[in-house]
Amino acid sequence: MSGDIRIVSRRAVLGGSGALIVSFGTAPRLLAQGAAAPGAQASPPPLPGSLKQTPFLDSWIRIDADGAITVCTGKAELGQGIKTALTQIAAEQLDADFAALKLVTADTAVTPDEGYTAGSQSMQESGTAILNAAAQVRQILIGEAARRFGVPTEQLKTQSAAVIAPDGRRLGYGELVSAELVHVQAAPRSFLKAPANYKIMGQPVPRVDIPAKVTGGAAYVQDLRPDGMVHARVVRPPSYGAALTYVEAAPIEKMPGVLKVVRDGSFLGVVAEREFQAIEAMRALAAAARWQESAKLPAADKLAALLMVLRPDDIKVLDRPGPGPGAGNGKTLSATYTRPYVAHGSIGPSCAVALCRDDALTVWTHTQGVYPDRDGIAEMLRMPKDKVRLIHAEGSGCYGHNGADDAAADAALLARALPDRPVRLQWTREQEHAWEPYGPAMVVKVSAAMDQAGEKIVDWDYVLWSNTHSMRPGGAGSLIAAQSLAQPFAPPPPRPIPMPAGGGDRNSIPLYKFPGARVLHHFLPDMPVRVSALRALGGYMNVFVIESFMDELAREANADPVEFRLKHLDDPRAKDVITTAAQRFGWAARKRDAAGRGYGFAFARYKNLAAYCAIACEVEVDRGSGGARMVRAVAAVDSGQAVNPDGLKNQIEGAIMQSMSWTLFESVTNDGKRITSLDWASYPILRFSGVPDSVEVHVIDRPSQPFLGSGEAGQGPAAAAVANAIADATGKRFRDLPITRERIKAAIGV
Amino acid sequence: MMILNVNDQPHDVEADPRTPLLYVLRDDLKLNAAKFGCGLGQCGACTVLVDGKPVFACVTPIALLAGKKVTTLEGLGTAEEPAPIQRAFMEEQAAQCGYCIPGMMMRAQALLQTNPQASDAEIRKVLEPHLCRCGTHMRILRAIHRAQELMKTARTGDAR
């Protein structure tokens with residue numbers, strides 16, 4: 001990726017002189033909304049997936065006169081394999097060769113605006129849009145070929161991006177296409193191929209990004225080296241909200257290679273010719289800076305109590321009266337569960353490259369949302385949005401809102417101070433650990449009443465306390481740099497994410513059929529610690545709680561945990577993943593083969609509307625150290641039509657491992673003023689000594705069923721399965737996360 | 001100025017001798033594989049071989065490397081002609097974001113060069129300094145076992 005950076009136009013990107021694209025096919029939002037008056041004729045059914053927002057077919061599929069096919073998505077590759085899966089969909093529905101397609105991902109100058117690549121929604125939104133757009137483009141080209149051949153469409157077939165007549169005549173898509181043909185709005189319905197005829201979808205096509213990643217090819221934003229690039233570092237305050245009172249920059253500007261020290265209010269950064277020069281200048285600047293600190297952070301042992309006394313905005317998530325607590329004549333159980341702040345902990349600290357030239361700014365960034373981050377950066381710099389372009393380039397895995405957006409803003413500020421030089425801004429490990437917005441701490445109080453026979457749950461009462469789970473940009477106020485300027489932007493008021501997706505209350509409604517059930521969300525606007533979206537949001541904690549508590553209730557009912565769950569479920573797809581995971585694990589025949597071993601099971605449907613996932617696992621608890629290790633896990637997942645089964649397995653395997661790490665090891669720490677978990681020594685995560693002997697994932701394919709998001713489906717079930725297995729192994733229930741060896745050792749008293 | 005031997009090529013390097021090897025590899029030699037992960041020797045993303053032994057490039061000043069042979073992932077093979085360990089990681093699809101993978105591969109390469117028959121327990125043990133956040137551990141282990149097989153059957157018999 002070395003060489004001169006050219007700020008190319010969309011027209012040039014998409015094929016230069018031969019391209020037949022005439023305009024950017026984004027319809028005005030108003031048109032897409034379908035503003036039918038009450039009582040008017042029924043409006044047409046909504047367009048599928050992201051076609052709702054971006055309905056023109058040539059926004060998604062572009063075919064040049066020379067036959068080159070470009071597929072556009074507003075979603076970004078985050079290591080989840082989306083490039084491969086989306087290309088499979090397009091190739092299948094177009095009847096084109098997989099290897100011949102070019103895919104362009106999130107770029108504000110080129111691709112549709114699909115918001116954030118988040119919430120396990122890329123397949124539902126972008127995948128569904130591309131599925132339908134590709135199928136409709138193919139139909140249009142068949143129609144055009146029918147006209148030219150003088151043959152009815154039913155007699156034509158498509159193959160390798162060409163339409164073929166019964167007599168063997170053949171016209172390539174490039175020969176058939178014209179601008180007017182494909183610059184049309186999508187229809188609500190498409191002629192999709194029958195899944196039985198799929199050749200590319202449903203196959204474990206190898207990921208297109210892996211060869212470069214395992215041979216040292218250019219794969220990441222960190223690998224960009226445009227000519228003339230210089231290196232930058234920022235100096236962040238020692239604690240939240242600290243004000244920079246004094247810094248003597250002159251000596252630092254005289255250091256070797258230093259080009260500029262940039263200060264604006266409490267924003268402080270330095271740019272140098274060479275990377276190590278920038279690092280040394282950053283260290284000198286940090287030593288020279290004087291800060292006034294004001295932060296007060298909650299102590300870990302008082303965190304839950306603090307959350308429960310913060311002023312809440314109450315949200316009634318579910319209110320099904322039922323018989324009320326204690327009315328079932330059976331026993332009532334109650335419990336309180338807690339979760340600490342958890343870090344995304346990307347292995348590569350955030351990075352961005354920015355170039356300011358001719359009053360326009362380009363930023364290469366691993367943000368999850370090029371458009372919203374573009375809006376925030378434009379506002380911060382007081383530049384028109386159309387002068388700011390954000391181009392996604394991969395970073396290391398983010399698992400939600402990490403430092404990516406903030407690093408992009410830092411790079412933008414520094415590049416503006418040094419026009420015409422590409423500025424590469426790299427955060428340090430300590431900056432990523434201290435400044436990323438963590439997954440919020442939470443508290444849940446739950447109680448449930450059993451029927452008289454003590455076999456079924458008749459009433460369920462669930463109360464949760466949580467901060468918001470999204471402070472993502474859209475405006476400048478979400479960006480650390482913008483908050484630090486001499487003329488600062490105030491953070492926007494935190495807002496809850498509405499159900500059915502939910503934020504803190506994601507997955508708080510049990511899928512189990514209880515006659516009475518209430519869920520109350522105490523949404524906490526005051527945020528003691530910087531928080532935002534971490535993979536699965538509240539779904540991780542709520543599934544951990546519901547599925548832990550189901551185990552406690554099953555024990556009370558003297559029931560097998562799997563049987564107990566099935567008895568409370570109606571949804572056949574839910575039952576299928578549960579029985580599949582149980583059978584493949586050998587749940588019914590399980591028996592402890594060593595002291596200190598235990599078995600756990602858990603299930604959820606992510607967001608109650610995405611993928612179904614059930615996990616059975618075995619853990620061993622070292623009675624000396626207290627340490628727990630997952631020995632074996634078996635998962636079953638139903639993600640609707642599976643586009644790339646191996647990619648799906650990879651996602652669920654990863655979710656199990658990452659969630660196990662959160663559950664057993666992780667919590668952000670502070671000393672009352674500053675964050676103190678600043679590296680991998682002070683914030684330990686899973687290492688190979690904690691890796692299971694085996695992890696199996698079984699995919700239940702549902703041909704023709706809609707794509708369901710799966711990237712976050714495993715987080716909740718994995719946490720609860722581990723916790724349930726530890727309870728089985730030790731006889732002790734652990735309700736406070738993380739379930740560290742210290743906590744286990746204290747509980748089992750050895 | 002010093003001469004640094006990287007992937008069997010001598011390079012004139014004009015950098016402060018205190019500069020960690022990682023920045024020279026990435027910025028001066030424009031090699032992508034070794035990654036900045038922590039700068040503290042805690043995560044393994046920057047791992048390369050020096051005289052066949054794995055080191056953290058992020059905390060190894062180039063001053064220590066005169067007369068030594070540095071090998072990075074680029075020195076093993078290419079996407080078109082992958083070394084056994086690279087082929088193994090492709091065949092097992094052993095990556096999610098992939099950022100930690102080159103460091104893991106270099107550590108494994110060093111192990112298999114000295115101990116081709118390394119057991120699963122030995123492989124897990126040497127990987128202990130390496131962090132993966134996507135949770136690709138099971139595939140990484142499978143890929144290293146596959147690399148053992150591929151190395152065994154490689155006709156050339158050289159360490160690659």
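Colleague: Into which domains is chain B divided?
Modeller: This is a predicted model, where local features need pLDDT of at least 70, side-chain atom pairs count only at pLDDT 80 or more, and totals for chains, interfaces and linings use all residues. Residues are numbered from 1 along each chain as its sequence is written. Domain bounds come from an automatic or database domain assignment. For chain B they give domain 1 (2-75) and domain 2 (84-153).

Colleague: How many residues of domain 1 of chain B are in contact with domain 2 of chain B?
Modeller: Contact means that the C-beta atoms of two residues, placed from the backbone, lie within 7 Å. Domain 2 of chain B gives 13 residues. Domain 1 of chain B gives 14.

Colleague: Which element gives the largest share of that side of domain 1 of chain B?
Modeller: Strands (E, at least two residues) are DSSP runs, numbered from the N terminus. Two elements give two or more residues to this side: β3 (47-50) and β4 (53-56) of chain B. The largest share, three residues, comes from β3(B).

Colleague: How do the residues of that side divide into nonpolar, polar and charged?
Modeller: Ala, Val, Leu, Ile, Met, Phe, Trp, Tyr, Cys and Pro count as nonpolar. Asp, Glu, Lys and Arg count as charged, and the others, Gly among them, as polar. For the side of domain 1 of chain B that touches domain 2 of chain B, the division is nine nonpolar, three polar and two charged.

Colleague: How far apart do the C-alpha centres of domain 1 and domain 2 of chain A lie?
Modeller: In chain A, domain 1 covers 2-35 + 42-203 and domain 2 covers 226-293 + 344-435. Their C-alpha centres lie apart by 36 Å.

Technical notes: Chains are lettered from A and ligands numbered from 1 in the order in which they are written. Helices (H or I, at least four residues) and strands (E, at least two) are DSSP runs, numbered from the N terminus.
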